[in-house]
Amino acid sequence: MYAFEFERPSTLADAVAALSDGEAQPLSGGQTLIPTLKQRLASPGKLVSLTGISELQGIRVDGGNLSIGAATPHAQVAAQDHYPVLAHLAANIGDPAVRNRGTIGGSLANNDPSACYPAAALGSGATIVTNKREIAADDYFTGMFDTALDEGEIITEVRFPVPQRAAYAKFEQPASRFALVGAFVAQYADGVRVAVTGASNEGVFRWTEAEKALLANFSADAVSGLTLDGAGMIADVHGSGDYRAHLVGVMTRRAVAAAG
Amino acid sequence: MPKVSMTVNGKPASGEVEGRTLLVEFIRENLGLTGTHVGCDTSQCGACVVHVDGRAVKSCTMLAAEADGAQVSTIEGMAAADGTLNPIQQAFQDHHGLQCGFCTPGMVMSAAALLAENPRPSEAEVRDYLEGNICRCTGYHNIVKAIMAASGQDVGQIAAE
Ligand SMILES: Cc1cc2nc3c(=O)[nH]c(=O)nc-3n(C[C@H](O)[C@H](O)[C@H](O)COP(=O)(O)OP(=O)(O)OC[C@H]3O[C@@H](n4cnc5c(N)ncnc54)[C@H](O)[C@@H]3O)c2cc1C
Ligand code: FES
Ligand code: FES
């Protein structure tokens, strides 16, 4: 790691001020950023820790929404029972020690193409709340490791509308424990959403064809004839683009079946 | 350089660290508590697991400055002052839960965190909880057995010694 300064503010306002310096970067659970710093793939002049800020912690239910503070660790999301599918998703991220530190805000800011939370946020039509504005999930994920966040903008909260039924089916890459492919399916009064992670070179995406088919008939059979093109899919030692395209269909059907 | 103060195994510990100093470096190099191991240094293996405010964390993937004010426990805090092993450590010995021993501190700390939240885990729950602890020697059976024995369960029926 290159050397950096470290600050641990206790209010959001102080964190925003500390981050106005262009050399500074937020640190949340560090489960992605610390390994990245060790590889010298990032060299911030200053890290601003978000873990000492009580405004960014905790889980609230308001109306039909579940609001999660950005610095809330995965283990705490796994322990809530207002949105069981989200709890289940969080409970299967990495391992217990990773879940005790890693946070939802860090995961969404990072937007790893194989991460789990992006699928939940896009599949639930969540709202990403920052220190400046509210961003709909549909406008937030702008490509692999890329988001609509501006420099120095901090995610403060993520607001999930709780669906009528939902499920997340993850085909785990056994070494990294990330999703080789994961499908998040959710049904709301006004429609069905299907979000896929791990597959596309563009990062998480909505499979709109499957959404239409499921809106007409919410069953695994309804999506069994649908196929995706392997050309735009991630191809690596773990699987070809065609293999991933095939897995998207399999995982989507499993998620629909599990949602019941 | 920031000064950090924390409680380690019940005793106050403080020192000057750089922003980039890892918790595991502070524990091993500043405090001389070398029971916590660094296996991979890439957040995969769990040899460096310690407890911070009661929760298992990989100390190679946390900055020392983030633990300022925290209660930290390491493997050195597990045995009693007179050297009597903690029941988990004793079970590792009784059930041959280690070979080279490199992964053992992390295994014991993860096991202690598991038993604190789930005092009688099933075999599947133990294996699931150890997902982030890698052992290159034992094949895991005896580790699982030791943890179940430490939780007071009859382990006669699981995996051969
Ligand atoms: C062994 C292992 C297994 C894992 N398995 C999985 C898995 O199965 N599925 C999965 O989804 N993830 C997995 N992860 C990743 C894990 O979930 C991380 O915790 C997560 O991706 C990043 O969250 P963090 O809080 O640790 O963020 P950090 O590492 O602290 O930060 C990540 C990035 O986000 C920025 N950032 C952090 N918080 C904010 C904020 N509030 N606003 C704006 N920017 C911010 C940081 O500047 C940095 O660029 C795994 C990690 C490890 C080490
Ligand atoms: S040394 Fe920390 S996880 Fe391997
Ligand atoms: S006993 Fe050697 S690595 Fe586990």
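Which helices of chain B do the buried residues of H5(B) pack against?

Author: The model is predicted. In chain B, the buried residues of H5(B) pack against helix H2 (87-94), helix H3 (104-117) and helix H4 (123-129). Helix H5 itself covers residues 141-150, and because 7 of its 10 residues are buried, the helix is largely enclosed by the rest of the structure. The buried ones are Asn142(B), Ile143(B), Val144(B), Lys145(B), Ala146(B), Ile147(B) and Met148(B). After H5(B) comes Gly152(B), with a positive phi near 85°.

In general, nonpolar side chains of soluble globular proteins tend to be buried together. The largest nonpolar core here has 37 residues, and Tyr83(A), Leu86(A), Leu108(A), Tyr117(A), Phe160(A) and Phe184(A) have the most contacts inside it. Among the elements of chain A that give it two or more residues are helix H4 (84-91), helix H6 (104-110), strand E10 (155-161) and strand E12 (179-188). H7(A) supplies the largest share, 5 residues. This core lies between domain 2 (55-161) and domain 3 (165-259) of chain A, because both domains give residues to it.

Phe160(A) shows the packing at one position. Beyond its neighbours within four places in sequence, Phe160(A) is in contact with residues including Leu66(A), Ile68(A), Tyr83(A), Leu86(A), Ile104(A) and Ala120(A).

Notes:
Residues are numbered from 1 along each chain as its sequence is written. Chains are lettered from A and ligands numbered from 1 in the order in which they are written. This is a predicted model: local features need pLDDT of at least 70, side-chain atom pairs count only at pLDDT 80 or more; totals for chains, interfaces and linings use all residues. Side-chain values use heavy atoms; hydrogens and water are left out. A nonpolar core is a set of buried Ala, Val, Leu, Ile, Met, Phe, Trp, Tyr and Cys residues joined through side-chain atoms within 4.5 Å. Buried means under 20% relative accessible area, exposed over 50%, partly exposed in between (1.4 Å probe, protein chains only). Helices (H or I, at least four residues) and strands (E, at least two) are DSSP runs, numbered from the N terminus. Domain bounds come from an automatic or database domain assignment. Contact means heavy atoms within 4.5 Å.
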